[in-house]
Amino acid sequence: MEIESSLKWLLAVTMVLYLVVMYGIGVIAQRKVHSAEDFLVAGRKLPLSFAWMTLLATWFGAGTMLTAADEVRSDGLTRAALDPFGAGFCLLIAGLFIAGPMWRMQLLTVPDFFRRKFGSTAELTSSLILVPSYFGWIAAQFTALAEVLQLFFGIPLVWGILIVAIVGTGYTLMGGMWSVTLTDAVQISLVLVGLLVLGGVVLFELGSGNMLVGITRVREETDPQMWTIIPTESFASLVGWIGVFAIGALGNLPGQDLMQRVFAANSERTAKWACLVAGVLYLLFGAIPLLLALAGNILFPEDMETKILPALAHAFLHPVVAVIFLVALLSAILSTIDSAILSPASVLAQNVFPRIGWADTLKSNRIAIVLVAVCSLLLSYAGESAYALLEEAYLLTMVGLFVPLIVGLYTSPCNSKAAVVSMLVGTGIWAVHFAMGWETFLPVVGFLETLELPISLSATTYAAIAYFCVQWPWRTRWTSATEQASP
């Protein structure tokens, strides 16, 4: 796709000005940081407006804007099981069942929860699972934004990834959670406006001046199979879809990025409603890139090597409006990058570094941010596809931490040894299959066919079995989350 020189210059100048503003916000945020609690959870002062905006901005990244749209364009809505459908339901589940009891515990990190419920060994084990689970997610954002820079400026991918990593890490270092929250508020506003503008213009173009006609054309001229969200042609395909959906819906419930925003809310009510509002908006606005992807099949029936959303923006938006949209795309990815970097860095500084004699200070938090960024940068050079990196990132926390999280919240007493064994079993099954390149668990005989179970479901199931086998004889009594969440 050939980009006009005037558009390149306009976009370059706008991006530089945008980054200056973002770094200016980072400087302002730095003045609010006086302690590790300010840096990690914004002093627990976020109102509902900031809380849902930073949650939505964290989720709305390359996976939604670029990767999911391209997957849907190729294979239909079944490919949106992970993102946005699974991720959106994750926020709703968190608001209904997880955010309240977690907020009441007044924690800084997810491993703090495992230390309080299961002891220091569980804390360290969960930290070693949680931290590397973010590298793939961050690497996917680095790669996606670098591909946009390559498309519009011809910057080689190797250098583009490095530039994105430096920029994204820079203002995260300044003010921590305050910096991330304030920049997220600006960035998600740009994203939502940009999506609405692009969606309206494309449907207007497709309908020859009438948006309703454009929507009708997308519905009528798209292969009905592409509209299928949940595949039902076979039991195996249904179970496979459920496995991917579960990764998105359950895999990030133990995630530090989600819980860090829950902990930063100024009240339990704010924490719950922030998740619910962000979840609803995520599903609503996340549907726009999917609709545009299907519209792109009508407007560009030939195969394309470029990302569909930037291609639509270049083809149908006025140069000035196209620049605004591309800055919104930049915002979406950068807002995810800063949040994703801060989350594992918080765990390193709070739960790992003190074990080797490094006090939990602002300096150790900033060292951790650089370390996470470097590890993610190296992984992004490994060449894995963005969707694969996203899926593996969610999968690791699901198989390793989901079971002990739910058990710790809703049962009593909590067994330390059982929790650690559960983490190791789930993660170990995933690691073996990842190393061997197996996408499904060992085949078992189904009713009428051989069914290959997804790793997400099988590894999580065995993690649950491991927990309760170690705890045998069962002395668990179900309790309310209120009783378990007292500090």
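# Salt bridges, rings and helices in a predicted model

Asp112, Arg115, Glu123 and Arg355 are linked in a network of salt bridges. A salt bridge here is a side-chain nitrogen of Lys or Arg within 4 Å of a carboxyl oxygen of Asp or Glu. The model is predicted: local features need pLDDT of at least 70 and side-chain atom pairs count only at pLDDT 80 or more, while totals for chains, interfaces and linings use all residues. Residues are numbered from 1 along each chain as its sequence is written, and side-chain values use heavy atoms, with hydrogens and water left out.

User: How many salt bridges does the count come to?

Analyst: Side chains of opposite charge can pair when their charged atoms come close. One of the pairs is arginine 79 with glutamate 71, at 2.7 Å from N to O. By the rule above, the count of salt bridges comes to nine.

User: How many residues apart are the parts that glutamate 123 and arginine 355 tie together?

Analyst: Glutamate 123 forms a salt bridge with arginine 355, and their closest N and O atoms are 3.1 Å apart. Glutamate 123 is in helix 7 (residues 120–153), whereas arginine 355 is in the loop between helix 14 (319–352) and helix 15 (362–380). Helices are DSSP runs of H or I with at least four residues, numbered from the N terminus. The pair therefore ties together parts whose separation in sequence, in residues, is 232.

User: Which helix holds glutamate 268, the partner of arginine 104?

Analyst: The side chains of arginine 104 and glutamate 268 meet in a salt bridge of 2.4 Å, N to O. The pair links distant parts of the chain, 164 residues apart: arginine 104 is in helix 5, and glutamate 268 is in helix 12.

User: Does glutamate 71 count as buried or exposed?

Analyst: Arginine 79, which forms a salt bridge with glutamate 71, is partly exposed at 30%. Glutamate 71 has a relative accessibility of 18%, so this residue counts as buried.

User: What separates the C-alpha atoms of leucine 82 and valine 244?

Analyst: Leucine 82 lies in helix 5 (residues 81–104) and is buried, with a relative accessible area of 0%. Along the chain, leucine 82 and valine 244 are 162 residues apart, yet the separation of their C-alpha atoms is 5.6 Å.

User: Which residue forms an edge-to-face aromatic pair with phenylalanine 89?

Analyst: Rings of Phe, Tyr and Trp (its six-membered ring) pair if their centres lie within 6.5 Å; planes under 30 degrees apart are stacked, over 60 edge-to-face and the rest tilted. The count comes to nine aromatic pairs. In one of them the centres are 5.6 Å apart with 65° between the planes, which joins phenylalanine 89 to phenylalanine 245.

User: In which helix does phenylalanine 245 lie?

Analyst: Phenylalanine 89, in helix 5, is 156 residues from phenylalanine 245, which lies in helix 10 (residues 235–250). Tryptophan 241 and phenylalanine 245 form a stacked pair, 5.2 Å centre to centre with 10° between the planes. These two are four residues apart, about one turn of the helix, and both lie in helix 10.

User: How many of the 12 residues of helix 3 are buried?

Analyst: Helix 3 (residues 48–59) reaches 17 Å from first C-alpha to last, close to the 16 Å expected at 1.5 Å a residue. The expected span is 1.5 Å times one less than the number of residues. The buried residues include Trp52, Met53 and Trp59. Helix 3 is mostly covered, and of its 12 residues the number buried is nine.

User: How many disulfides does the structure hold?

Analyst: A disulfide is a pair of cysteine sulfur atoms within 2.5 Å. Cysteine 90 is buried at 0% relative accessibility, and its sulfur is 8.5 Å from the closest cysteine sulfur, in cysteine 275, which is too far for a bond. The number of disulfides in the structure is zero.

Definitions and conventions. Buried < 20%, exposed > 50% of the residue type's maximum accessible area, 1.4 Å probe, protein only.
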